[in-house]
Amino acid sequence: VNAQLPEIKALRFQLAMALFYNRQFDASQSEFEKLRSGATTEADIQVINKYLDSINSQDRWSFNASVSYINDSNITNSPKPGTQIFGKDGSVLTYTSPREEGKGLDFNVSGDRKWLYDNKVFTALHLNSYGKYYWDNKDFNDVTAGIGAGVGYQNSITEIEAVPFFDKRLYAQGRSGNGKLKDYADTTGIKLSLNQWISPKLRYQGLARYAKTSYIDKYDYNDGEDWLLANTAVYFPNGQQFWTIGANYSMRDSSDAALAYDRPGVRVGWGQTWPKGYSTKLDLGYAERKYDGKDFFGIKRENQEYNAGVTVWNRAFSLLGLTPRLSWNFNKVKSNSAFEEYSKHDVSVQLTKAF
């Protein structure tokens with residue numbers, strides 16, 4: 001009923017409470033935050049905050065899982081065969097390798113556990129694994145598993161956390177592999193995150209991350225350090241709509257200047273609930289990646305990266321208890337190096353579950 005009549009606040013409140021008492025706390029928190037964005041009195045906000053405080057006080061595991069079918073016509077984001085670069089001396093270099101294609105699954109699984117002290121300070125354990133499995137091109141299978149241990153502070157409007165972490169990546173090593181996953185890289189680092197409700201309609205999300213990655217001896221020229229600073233504002237005009245705008249800056253430092261770069265970027269998103277249970281989400285992004293040194297072809301690369309995505313789903317329809325989401329994504333890179341340029345469209349069906 002709530003999917004059919006999303007504008008009726010009493011129904012959303014009943015749904016949020018039902019989810020709360022059924023201990024589906026992640027889903028309940030989302031509904032209460034939507035309600036708070038449309039609350040008109042301080043008394044209503046106080047009631048909602050009490051529920052949110054109660055959700056935050058639960059010592060519990062929180063799990064998220066998603067799987068998507070993928071049909072990728074350009075796994076390595078390569079230029080078209082026949083693409084040429086013309087050297088200053090009149091020489092011509094031609095890209096001849098065929099693009100790698102694959103059908104398979106893109107998956108992401110995470111589990112988080114918090115232990116609260118005085119209902120404010122907490123310690124946390126974070127587990128995650130993500131990757132891609134191609135059943136018809138196993139040379140490009142890629143899986144990462146990670147663990148992090150955090151400490152932080154939270155209440156109904158603020159959450160801040162520091163998390164040292166370790167990730168291990170297994171990769172089938174592409175054309176030089178034999179289709180079997182092998183040890184590829186280890187990453188250690190720390191990330192600081194902040195979620196702050198500035199008002200019932202406006203939330204700020206900040207992330208600072210440092211990581212150092214070491215590859216196996218065969219690929220140790222990729223070793224480097226990465227920094228990321230991401231800032232996102234999320235605005236909820238009402239319980240049926242939200243807007244996001246973000247600015248981020250990432251940087252990679254490497255002993256090989258051709259692999260080191262700076263990458264500032266901006267993002268914008270729009271989510272909307274429509275009549276009869278339909279929901280949509282639109283995302284747009286743009287970034288510029290500038291490398292510090294010249295590559296093998298003598299080019300100091302400067303890339304312009306564009307991306308767009310649309311996701312559609314219906315809350316009234318489920319498959320095995322999961323709501324399918326149909327997504328279209330577009331990625332395009334323009335560069336001063338023809339070997340860096342590509343564009344591709346991806347269409348996927350995603351099944352997502354939070355519990």
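Biologist: Is His126 buried or exposed?

Modeller: This is a predicted model, in which local features need pLDDT of at least 70, side-chain atom pairs count only at pLDDT 80 or more, and totals for chains, interfaces and linings use all residues. Residues are numbered from 1 along each chain as its sequence is written, and side-chain values use heavy atoms, with hydrogens and water left out. His126 is found in strand β5 (residues 121–134), strands being DSSP runs of E of at least two residues and helices runs of H or I of at least four, numbered from the N terminus. Because its relative accessibility is 17%, and buried means under 20%, exposed over 50% and partly exposed in between (1.4 Å probe, protein chains only), His126 is buried.

Biologist: Which side chain makes a polar contact of 2.7 Å with the side chain of His126?

Modeller: A polar contact is a pair of N or O atoms within 3.5 Å; within protein, one must be able to donate a hydrogen and the other to accept it, and residues adjacent in sequence count only if both atoms are side-chain atoms. The partner at 2.7 Å is Glu161.

Biologist: With which side chain does the side chain of Ser327 form a polar contact?

Modeller: Ser327 lies in strand β15 (residues 323–335) and is buried at 9% relative accessibility. Its contacts (heavy atoms within 4.5 Å), not counting residues up to four places away in sequence, include Val310 and Asp346. The polar contact, at 3.1 Å, is with Thr311.

Biologist: At what angle do helices α1 and α3 pack?

Modeller: Helix α1 covers residues 9–21 and helix α3 residues 42–56, with axes 12 Å apart. Axes are lines fitted to C-alpha atoms, for helices over the stretch in contact, and angles run from 0 to 180 degrees between N-to-C directions. The packing angle is about 20 degrees.

Biologist: Which residues of α3 make the contact with α1?

Modeller: From α1, the contact is made by Phe13, Met17, Phe20 and Tyr21. From α3, the residues are Val47, Tyr51, Ser54 and Ile55.

Biologist: What is the phi of Lys276?

Modeller: Most residues other than glycine have a negative phi. Lys276, in the loop between β12 (261–273) and β13 (278–291), is exposed at 59% relative accessibility. Its phi is positive although the residue is not a glycine, with a value near 65 degrees.
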